[in-house]
Amino acid sequence: MDPVKSVQRSPDFWFEDGTIVLQADNVLYRVYRGFLASRSAVFRDMFSTPQPADEPLIEGCPVVQLHDTAEELALFLKALLPSNPPTAFNTSPVCNLSELVSVLRLSEKYDVPALCAFMESILVALYPTTLEGWDAGPALRYPLFSLFSDGHGPLIVPGYAEGEEDHVKVLDVAVARGLRSILPAVLYCVVVYEHTFISQIQDKEYLQRCITALPELAFARKNIEGCMYSSPKNNGCAQQAACAQVKTEMGYDEARETDPDAMCDPFGLSGPSIKYSGGGVCVNCLEISQLEYEEGRNNWWEDLPKTFGLGTWEELREQDEARTQILNNNLLVAARAQSS
Ligand SMILES: [Zn+2]
């Protein structure tokens, strides 16, 4: 049997004037040798190795067997040579975290630093180092996020997290690549949204960090709730008994929360401006309660890296800056070596 017959051509990457055929699993991709070589040092070296004279050709093109899955190679090629122009709604070549991690892995493997940097920039936006960034990005981190109603029901916006172990995959890749500043937010997502999958974390040290952080995050949640529902004296409240009762009832409601995800999610806790939006407490109590809530969140966010044994935000940012410097230097050295 002719082995070429049993394989199939990629519907997305089979260009009639292509000059090289890549094969992953049983799928063939007819693409452009010079283009790939210009993007990837690994392909450049691979193509410069002379092929044996009896090497089989497909429609005159040499065939290169790759050890990636067909799915991963298609994603990588899509990111490298986009088959569709980006639209206003989708400027990213990847649709979810799982795809992002695959493209990042292959960009590293085939040495395409620009694509690595682009994928990392998406991760940096998704897993910020500031609380403002965190609060601004839920649409991207949740599986599906109901943004607002357009008059015909809620508008559902797909986020990057789609699979059940997406944040775990990002954690593995961030640890492997030494991308430090995103780790606290990634670990937080793992603990809050994917705690049933933490045993799959590859680096067991990080698995331990997640386990250690769980009770601390639950305590943080309780602590922020406590700030919100406490009844400070001398705050100018003219109806202390009534306000105290509303706050106590709210506190009881919160204490009845049994969703394990919510219980260790201090930053997912809605504030007094939302909780008391139906009225019930006076303006003074609302204002103080809101301030206490914001202060509590800020303090716990500041401590988030420490919760996972990672030092301070400042140290993590510095580590990433040093890493970027090393990567840029390497690029410069590679560019000089190529031009000489
Ligand atoms: Zn009051």
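**Before you start.** Numbering begins at 1 in each chain and follows the sequence as written. Because this is a predicted model, local features need pLDDT of at least 70 and side-chain atom pairs count only at pLDDT 80 or more, while totals for chains, interfaces and linings use all residues.

**Whole chain.** Select the protein chain and you have 16 helices and seven strands; these are DSSP runs numbered from the N terminus, helices being H or I with at least four residues and strands E with at least two. Of its 340 residues, 31% count as buried (20 or more other C-beta atoms within 10 Å of a residue's own; exposed is 12 or fewer, partly exposed is in between, and C-beta atoms are placed from the backbone).

**Colour by confidence.** pLDDT is the predictor's confidence in each residue, from 0 to 100. The chain's mean is 84, and 86% of its residues reach 70 or more. A contact means two C-beta atoms, placed from the backbone, within 7 Å.

**The sheet.** Next, show the open sheet of five strands, ordered E1-E3-E2-E5-E4 with mixed pairing. Strands E1 (8–14) and E4 (57–58) are the edges: each has a single partner strand, so one side of each lacks a neighbour in the sheet. Pairing takes at least two bridges found by DSSP. Zoom in on E4, which two bridges join to the antiparallel strand E5 (residues 61–65). Ile 58 stands opposite Cys 61 in E5.

**Two crossing helices.** Move to H3 (residues 70–80) and H4 (residues 97–109), which pack at an angle of about 80° with axes 9 Å apart. That makes H3 roughly perpendicular to H4, a label for angles of 65 to 115 degrees. To display the contact, pick Glu 72, Leu 75, Phe 76 and Ala 79 of H3, together with Glu 99, Ser 102, Val 103 and Leu 106 of H4. These residues divide into five nonpolar, one polar and two charged.

**Last stop: Val 42.** Select Val 42 in helix H2 (residues 41–48). Leaving aside neighbours within four places in sequence, Val 42 is in contact with Tyr 110 and Asp 111.

Technical notes. Axes are lines fitted to C-alpha atoms, for helices over the stretch in contact, and angles run from 0 to 180 degrees between N-to-C directions. Angles under 35 degrees count as roughly parallel, over 145 as roughly antiparallel, 65 to 115 as roughly perpendicular and the rest as oblique. Ala, Val, Leu, Ile, Met, Phe, Trp, Tyr, Cys and Pro count as nonpolar, Asp, Glu, Lys and Arg as charged, and the others, Gly among them, as polar.
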